[in-house]
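Student: I have a chain open here and would like to talk it through with you. Could we start with the terms and then go to the details?
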Amino acid sequence: MAKYFDVHPDNPQPRAIRQVVDLIRSDGLIAYPTDSCFALGCRLGNKEGIDRIRELRRLDSGHHFTLVCRDFAQLGQFVQVGNALFRSIKAVTPGSYTFILPATKEVPRRLLHPKKKTVGVRIPDHAVVQALLTELGEPLLSSTLLMPGESEPMTQGWEIKETLDHVVDAVIDSGECGDVPTTVIDFSQDEPEILRRGAGDPSHFE
């Protein structure tokens with residue numbers, strides 16, 4: 001049965017954040033709100049958690065997982081970002097964007113796109129996620145909480161708790177959460193390619 005955490009959206013309770021992070025460190029899988037919509041998250045090295053996300057969402061091997069990072073210092077450990085690209089990404093973060101970039105050797109091979117050796121990264125603009133990432137001290141491996149066959153993600157914490165009670169280990173609810181996934185931009189080639197138009201304004205990269 002999933003633990004349910006009712007967390008303040010702007011000033012998340014430190015005790016609740018510590019309890020969630022303890023679960024993550026114990027290889028738990030959580031459902032948590034972001035600045036775009038709910039996501040599934042686990043520790044970077046949690047192989048079982050990755051498999052659980054794949055099974056839950058019925059993802060194929062070509063799916064890009066996302067490393068949700070606290071800041072640019074953390075992001076730079078896991079992906080290769082040149083100076084020009086750094087400026088263009090910096091201009092829109094934190095925010096509702098996911099960037100596909102060549103991964104560094106810090107990223108476990110099983111998380112990489114099998115052909116491109118890329119991974120998704122993002123820096124969210126959400127107080128609860130930032131609190132989690134600060135306490136955890138490393139990125140959260142994440143994927144949008146979009147169930148197979150559904151066109152829209154679930155947006156209510158209680159609904160997620162009801163539906164995924166025996167599938168995830170914790171649900172964090174901080175009230176209103178967006179219902180539009182991030183805008184996804186692939187920077188692995190010479191020109192940026194918009195793979196998904198979502199909550200972030202894509203015009204910066206067109």
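Tutor: Let us begin with accessibility: buried means under 20% relative accessible area, exposed over 50%, and partly exposed in between, with a 1.4 Å probe and protein chains only. The model is a predicted one, in which local features need pLDDT of at least 70 and side-chain atom pairs count only at pLDDT 80 or more, while totals for chains, interfaces and linings use all residues. Residues are numbered from 1 along each chain as its sequence is written, and side-chain values use heavy atoms, with hydrogens and water left out.

Student: Ok, so is Asp27 buried, exposed or partly exposed?
Tutor: Asp27 counts as partly exposed, because its relative accessibility is 30%. Asp27 sits in the loop between H1 and S2, where helices (H or I, at least four residues) and strands (E, at least two) are DSSP runs numbered from the N terminus.

Student: Switching to H5, which of its residues are buried?
Tutor: In helix H5 (residues 127-136), the buried residues are Val128, Val129, Leu132, Leu133 and Leu136. Seen down the axis of H5, these fall within an arc of 130° (taken from the directions from the helix axis to the C-beta atoms), so they line one face of the helix.

Student: What do they pack against?
Tutor: Counting a contact as heavy atoms within 4.5 Å, the buried residues of H5 pack against helix H1 (14-25) and against strands S2 (30-32), S4 (66-68), S7 (140-144) and S8 (170-173). Just after H5, Gly137 takes a positive phi of about 80°.

Student: New topic: which residues lie nearest the centre of the largest pocket?
Tutor: They are His64, Thr66, Thr144, Val184 and Arg196, out of 22 lining residues. On a 1 Å grid over the protein atoms alone, a pocket is an open set of points where a 1.4 Å probe fits, with protein on both sides within 12 Å along at least five of seven lines, and lining residues have an atom within 4 Å of a point. The elements that give two or more residues to the lining are S4, strand S5 (97-102), S7 and strand S10 (193-196), with S7 giving the most, at 3 residues.

Student: Before we stop, how many helices and strands does the chain have?
Tutor: The chain has 6 helices and 10 strands. Its C-alpha trace spans about 45 × 35 × 30 Å along the principal axes, and buried residues make up 54% of the 206 residues. Among contacts between residues at least 6 apart in sequence, 66% join residues at least 24 apart.
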